[in-house]
Amino acid sequence: MTRLPPSHEELAAFVSRFAQAWASREPQAFEALWHPEGRLHFPFADRPIEGREIGRLNRILNETAPDLTWTLLGWTARGDILVVEWECANLLGGRRIAWRGVDRIVLRDGRILQEVVYTDTAPLHAMRRGEAFAPLLQMPPAG
């Protein structure tokens with residue numbers, strides 16, 4: 001049986017639920033988004049995370065990063081593949097820092113079958129070590 005891709009309205013409703021889950025930070029809200037066979041590739045974890053572990057991951061994030069915020073910046077989709085652009089912020093050493101990334105999400109039956117989080121973790125690793133993050137390229141002033 002051929003699956004029809006989700007409609008724009010279905011995708012928009014999913015993105016809204018995704019943003020609401022981040023706003024609530026409630027494990028159950030995240031669990032409801034995931035397909036039983038789902039898998040998350042998350043650059044902050046030491047291994048891929050199974051969909052059934054999403055609530056546990058959320059509880060760990062709530063404990064280790066209680067001041068973490070997530071903001072939806074935009075999204076686009078083609079078929080059952082959704083790309084969500086976001087910005088996170090958190091306190092680190094008394095300073096509020098922010099970083100951006102995108103998630104590539106594959107939906108099945110309106111739930112996440114696969115999610116790959118893309119973000120540059122190098123600045124966060126440097127800050128964690130107490131180092132200043134120096135860009136690899138120094139651009140001369142514009143003009």
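Analyst: A nonpolar core is a set of buried Ala, Val, Leu, Ile, Met, Phe, Trp, Tyr and Cys residues joined through side-chain atoms within 4.5 Å. Buried means under 20% relative accessible area, exposed over 50%, and partly exposed in between (1.4 Å probe, protein chains only). Please keep in mind that this is a predicted model, where local features need pLDDT of at least 70, side-chain atom pairs count only at pLDDT 80 or more, and totals for chains, interfaces and linings use all residues. Residues are numbered from 1 along each chain as its sequence is written, and side-chain values use heavy atoms, with hydrogens and water left out.

Now to the core. The largest one has 29 residues, and Phe-18, Leu-40 and Ile-112 touch the most other members. Helix H1 (8–24), strand E1 (34–41), helix H3 (54–64), strand E4 (81–92), E5 and strand E6 (111–119) each give two or more residues to this core. H1 gives the most, with 6 residues. Helices (H or I, at least four residues) and strands (E, at least two) are DSSP runs, numbered from the N terminus. In soluble globular proteins, nonpolar side chains tend to be buried together.

Leu-40 deserves a visit of its own. Not counting residues up to four places away in sequence, Leu-40 touches Trp-34, Pro-48, Ile-49, Ile-54, Leu-57, Glu-115 and Val-117; contact means heavy atoms within 4.5 Å.

What about Arg-108? This residue lies in strand E5 (residues 95–108). Arg-108 is partly exposed, because its relative accessible area is 23%. Leaving aside neighbours within four places in sequence, Arg-108 is in contact with Arg-3, His-35, Glu-37 and Leu-113.

Next, the largest pocket. A pocket is an open set of points on a 1 Å grid over the protein atoms alone, where a 1.4 Å probe fits, with protein on both sides within 12 Å along at least five of seven lines; lining residues have an atom within 4 Å of a point. The largest pocket is lined by 37 residues, and Phe-42, Phe-44, Ala-45, Leu-61 and Thr-64 lie nearest its centre. H1, E1, H3, E4, E5, E6 and helix H4 (122–128) each give two or more residues to that lining. H3 gives the most to it, with 7 residues.
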